[in-house]
Amino acid sequence: MLPIPEAVAADLPPGSAAASSGAAAVPAGDPRAARGAETSSAELDRALSELGDAALGFARMPLLEKASLLRSSLPGLLAAARPEVEASCADRGLDPGSSASGEAWLAGPCVTLSQARRLAEALEDIAARGRPRLGRGVVRARADGRIEVEVFPTCLKDTALHGPLRARVLMQPGATRESVREGQARFYQQRDPEGGVALVLGAGDVAGVPLRDALHKLFVEGRVVVVAMSPRSAPLGAIIERALAPLVSRGLLRFVYGGAEVGASLAAHPAVSEVHVTGPAAAHDALVWGPPGPQQARRRASGERLLDKPVSSTLGGVSPVLVMPWLYGGDELWFQARCLASQIVSGAASGSHAASLLVLPRGFVQRPLLFRMLHRALAAVPPRRAAHPEVEARHAALTAGRTPIEPDRLEASADVPLPYGVARIGAPGPGELPWTLIAGLAASDAAEPLFSTEPIGGVLSVVEVGSSDPVEFLEAATRFCNDRLQGSLGATIVVHPMSEEDPAVGAALDRALLELRYGVIAVNQAPAAAHAAVVPPWGGHPGSTLADIQSGLGFVHNTAMLAQVEKTILRAPLTAFPRPPGFCDHRRSHVVGERLAACAAEPRWGNVARVVSAALRG
């Protein structure tokens, strides 16, 4: 192996694949306990040699053979789904037989199985017609000439499973109808592609994330892949390896285990042609520019990279929820309060898909009612265990020095500003954290850590901007999010459909959707719905650079294999029936999740009906 560059290996934050300096701890009973968690140098060399030998053959492998590899992996992935969920629940302190385990099903196996099947379908489409299938009339020009592509739903079964959710992709300026179709599946337009070895550095939150990034690198970008599993994700490694035996046995995919030394040496290895990073932005920056400090700043300013090879990334950030002023019905506000609470709950361990900052209009008359409903929704969910020390440490750092306040103080009249302080909800036991609301932040405070740090551990901060005029609010909120907040992954706008009937408000909303610098913007829905749907591109806004990475470079998922993507825009009604299975108060979320995983692998109408039946009883 090459010597490990100290500047790359040093000071990488916990929670990423390059997170710890020693061997990852393996829980008792883990199937890898006998052989140790950290992959040896000899094993790393052998893995990269095998991948290098397979790279060219895989790049030029017939499309239907690639599709067959994916389809032959579906049974293994489905068989691994329950063990994967059980391991994830053990990590989070959840009962795998409870409704709370639904979040592990919905964010894990359901997404992976859907991605594998949809990629197989896309490859079959390319073999038959040269491009992944796009429906008739889905590529169209807006009034301003910009091109949009309706990508979801793709069929009636999508509608049955995901309800009225709609997703369109806004293409970058300069795209045309013709260039959209011509740019699809770029890798497969090459006559004799060379391929290469991609390294995926997995984050410490959800093991399925690096797995899905690996599938994207393999079947969208044509690379063979080595996945460096983080210590937290390592217990699932053996399960996933067995599930993907068709890829592992052909030498197309390898999993390795360890901390900073393993990740850094792999990234620097000449056999690795490109790197994909998930996790915190600090892990990316330490890998590309070196550890934090004056030297990193100097290298960043001069463009002197330590890791001089292509780097893509999907990173975290602060995810805002903008609530437009309107007199919402009680059922409408209650639905959106539960949607917000569910994001806080599901992101308690990891963060990156979760709402972290509530942006309200000054003078919003329903502010007291919204906080009363949010308090009610969160109080019904038992506090969660801090999955690892980083969660507790970050929670403590973000709440330190702030005045404790009772939650009901947030329910005071909207005529006065929110009190400054921390409201804690729930009675946490040892090792658990309360649901935490931090209010009274000043939008003008450039030094506020909650504007630059992704909070994990069930924290939601609150800021008020603009006024109760919807046009003024949207303009102020857009400026605030773009100028003050770190991160560019996802944002939410809550809007009443009747307000859009006012031409001025409709135009202001359209401007906000265009101007907000986020890779996924969801209207009346959580951005994570795009992640679950798989088809829409998922990633940070392309305005990021390696020097100012925000939430990363490049999009994953994107099973239509679109190029020139600027952002995904989701639209959903203000309320929906039945209750979404991702809501924290869904009583059969785990049943829906297990059935949805089976349906993702084999979407027969009978399987669809079983999912809908469970959802209706939630």
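**Lysine 567 and its surroundings**

Let me begin with a polar contact: a polar atom of the K567 side chain lies 2.7 Å from the backbone oxygen of L513. The K567 side chain also reaches the backbone oxygen of L514, at 2.9 Å. Please bear in mind throughout that this is a predicted model.

Where is K567 found? It is in strand β21, which covers residues 565-571. Is K567 buried or exposed? It counts as buried, because its relative accessibility is 0%, and the cut-off for buried is under 20%.

Which residues surround it, if we leave aside neighbours within four places in sequence? K567 is in contact with R168, V169 and L170, with L513, L514, E515 and L516, and with Y518, G519, I521 and H541.

I turn now to the surface. W326, L327, V365 and M498 make a nonpolar patch of about 430 Å². Of these residues, let us consider V365, which is found in the loop between β10 (357-361) and α15 (367-379). V365 counts as exposed because its relative accessible area is 60%, and the cut-off for exposed is over 50%.

Finally, a word on confidence. The protein averages a pLDDT of 91, and 92% of the residues score at least 70. Over residues 1-36, however, pLDDT stays under 50. For that segment the model has 86 contacts beyond four places in sequence.

Terms used: Residues numbered from 1 in each chain as written. Predicted model: local features only at pLDDT ≥ 70, side-chain atom pairs only at ≥ 80, totals over all residues. Heavy atoms only, no water. Patch = residues over 30% accessible without salt bridge, like charges linked within 9 Å, V, L, I, M, F, W, Y side chains within 5 Å. Areas by Shrake-Rupley, 256 points an atom, 1.4 Å probe, with all protein chains shown as cover. Salt bridge = Lys/Arg side-chain N within 4 Å of Asp/Glu carboxyl O. Helix = DSSP H or I, 4+ residues; strand = E, 2+ residues; numbered from the N terminus. Buried < 20%, exposed > 50% of the residue type's maximum accessible area, 1.4 Å probe, protein only. Polar contact = N/O pair within 3.5 Å; in protein donor to acceptor, adjacent residues only side chain to side chain. Contact = heavy atoms within 4.5 Å. pLDDT = per-residue confidence, 0-100.
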